Amino acid sequence: LDVSSSQHLVTDTDFRNGSFRKQLSETVKSLLALKVIPIFNENDAVSTRRAPYEDSSGIFWDNDSLAGLLALELQADLLVLLSDVEGLYSGPPSDPDSKLIHTYIKEKHQGEITFGDKSRLGRGGMTAKVNAAVCAAYAGIPVVITSGYATDSIIKVLQGKRIGTLFHQDAHLWTSVKEVGAREMAVAARECSRRLQAMHSDDRRKILLDIADALEANESLIKVENEADVADAQDAGYDKSLVARLALKPGKASIYLFLDLYSSGFTLIIILQIASLAKAVRVLAEMEEPIGQVLKRTELADGLILEKTSCPLGVLLIVFESRPDALVQIASLAIRSGNGLLLKGGKEAKRSNAILHKVITSAIPKSIGNKLIGLVASREDIPDLLKLDDVIDLVIPRGSNKLVSQIKELTKIPVLGHSDGICHVYVDKSAKVDTAKRIVLDAKIDYPAACNAMETLLVHKDLSSNGLLNTLTKELQHEGVTLYGGPRASSLLNIPEAHSFHHEYSSMACTIEIVDDVQAAIDHIHQHGSSHTDCIVTENHEVAEIFLHGVLQCCSIS
């Protein structure tokens, strides 16, 4: 690693000598000033112990206690002890019921933790690490026990990320503001959801109406917190598309398809932030009762009837990125359909999500409990939640392809996830000029950060000769859209060639390509699309039907 180091072998006897301890401190400081890393070990060759690997008498008895002793002697700012597991667990790490303890509180955990067999590596195991950590922490040296196998563990600790187990002398003072564990949060949501399901439909409807009122009553407070998030995102240099998704602006109009969690239907609601967000909640409140609807009835035999009835899913874990308005939508749907909910939003919307969560849960009656909707504070909690397949019934990740893929790999819980939004608009040769212009411009510039914004414009080859292709490109460029072309369009229009057709810009940019006919457009969408939202602009009914039947997307429009 091209790091200069020096080895120091010590024994118990050395630390009984005051002058040695003073010299030790000065030596270490001098070495660090020279950018030399001192490495300490027990000098087993001259150890005074009768059995060095069994006799635990003396000032230190293994590398963990030696590390704690050195941290105290050198007055270290932090001691990091590396283990072969993620940190300290409530029981043996191999036990599925054991939980990672993020913050060790001596008064609470000393009598609760059960230690398994020590590791085959080293001498003391986790017991020795905990003893050394407690000794150092209560002498004023913060300690973190974390994995030595995980990538960049030490760097993550120094960055303040929540990994491993923290030992601190003031940890007992934090109990009043401690974060609820993953299992406790999920179990609480499940218990509250069962009480919610037992409520009459009118009572659940009233909760939504109260939430709508609370949103309007706290609009100014929500606006302050959201503006703070937006300002922080801009200062941090976040992409403009992310900042656009983050902002809750009165003038930002968005169209959302509210998926009924109890059926296959959709409800189309147009939302104008913030006040109309409350209006959308009221619209949801007036929808037909979702629980207990008979979806199918089959007579199996004389007098024996089998019914398929709608019911809540249970507890949902929904992970979403920089869209605080999504928190309101999801929470409202969960309450209406009788589901418990755990929410994890993007860190860039932390303040917005916190205030929206507080406003919404304050409107939930005490008889149900405000733990019906849990807000996950840290990204590091997600792996713990994904292990709770006995409590959480469905995970819905809303975000990037990377996010969805990671969650699928980490859990046994069913995952309902759609990632990329590679959405197409195909302009057929029969399309009217004015209609095509309005649809193409609206699909791209109305809200380019939306997941259903146009990312690829496909144009029939005949439109390159009648002027419509040039008209569309000029209109898009006039509105500030950066254009990239496929092989045919880039050479014809003299624009840069797109590096990939499978690219979601989420900004004022899009790809243009020329196709031979509707079937070629369908083939292109199948090869490069993401089965999200695709549109055809045509005056030919037969061509429209071919497109709609050929493109089986989440949303196909003609």
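# A guided tour of the predicted model

The chain contains 21 helices and 20 strands. Please keep in mind throughout the tour that this is a predicted model.

**The whole chain**

Begin with the entire chain selected and its surface displayed. The accessible surface amounts to about 28500 Å², and carbon and sulfur atoms contribute 51% of that area. Of the 558 residues in the chain, 47% are buried. Next, consider how the chain meets itself. Among contacts with a separation of 6 or more, 68% are between residues 24 or more positions apart.

**First stop: a charged patch on the surface**

Select Lys156, Lys161, Lys347, Arg379 and Lys402. Together these residues form a positive surface patch. Now centre the view on Lys161, one of the members of this patch. Where does Lys161 lie? Lys161 is found in the loop that runs between α6 (153–158) and β6 (165–167). Its relative accessible area is 41%, so Lys161 is classed as partly exposed.

**Second stop: a loop between two helices**

Move to Ala236, which is placed in the loop between α9 (219–235) and α10 (240–246). Is Ala236 buried or exposed? With a relative accessible area of 53%, Ala236 is exposed, because the cut-off for this class is over 50%. Along the sequence, Ala236 and Glu348 are 112 residues apart, yet their C-alpha atoms are 9.6 Å apart in space.

The next stops concern salt bridges. Side chains of opposite charge can pair when their charged atoms come close. The count of salt bridges in this model comes to 15.

Select Arg282 and Asp213, and show their side chains. These two residues form a salt bridge, with 2.8 Å from N to O. Arg282 belongs to helix α11 (residues 275–285) and Asp213 to helix α8 (residues 201–217), so this pair ties together parts of the chain that are 69 residues apart in sequence.

- Arg282, at 25% relative accessibility
- Asp213, at 40% relative accessibility
- Glu216, at 37% relative accessibility

**Last stop: Glu289 and Arg336**

Finally, select Glu289 and Arg336. Their salt bridge has its closest N and O atoms 3.3 Å apart. Glu289 sits in the loop between α11 and β9 (294–301), while Arg336 is part of helix α12 (residues 324–336), so the pair ties together parts that are 47 residues apart in sequence.

Are these two residues buried or exposed? Glu289 counts as buried at 16% relative accessibility, because the class covers values under 20%. Arg336 is likewise buried, with a relative accessible area of 3%.

Note on methods
Residues are numbered from 1 along each chain as its sequence is written. This is a predicted model: local features need pLDDT of at least 70, side-chain atom pairs count only at pLDDT 80 or more; totals for chains, interfaces and linings use all residues. Side-chain values use heavy atoms; hydrogens and water are left out. Patches are made of residues with over 30% relative accessible area and no salt bridge: like charges are joined within 9 Å, nonpolar side chains (Val, Leu, Ile, Met, Phe, Trp, Tyr) within 5 Å. Accessible areas come from the Shrake-Rupley method with a 1.4 Å probe; for residues, only the protein chains shown count as cover. A salt bridge is a side-chain nitrogen of Lys or Arg within 4 Å of a carboxyl oxygen of Asp or Glu. Lys and Arg count as positive and Asp and Glu as negative; His and the chain ends are not counted. The place of a charge is taken as NZ of Lys, CZ of Arg, CG of Asp or CD of Glu. Helices (H or I, at least four residues) and strands (E, at least two) are DSSP runs, numbered from the N terminus. Buried means under 20% relative accessible area, exposed over 50%, partly exposed in between (1.4 Å probe, protein chains only). Contact means heavy atoms within 4.5 Å.
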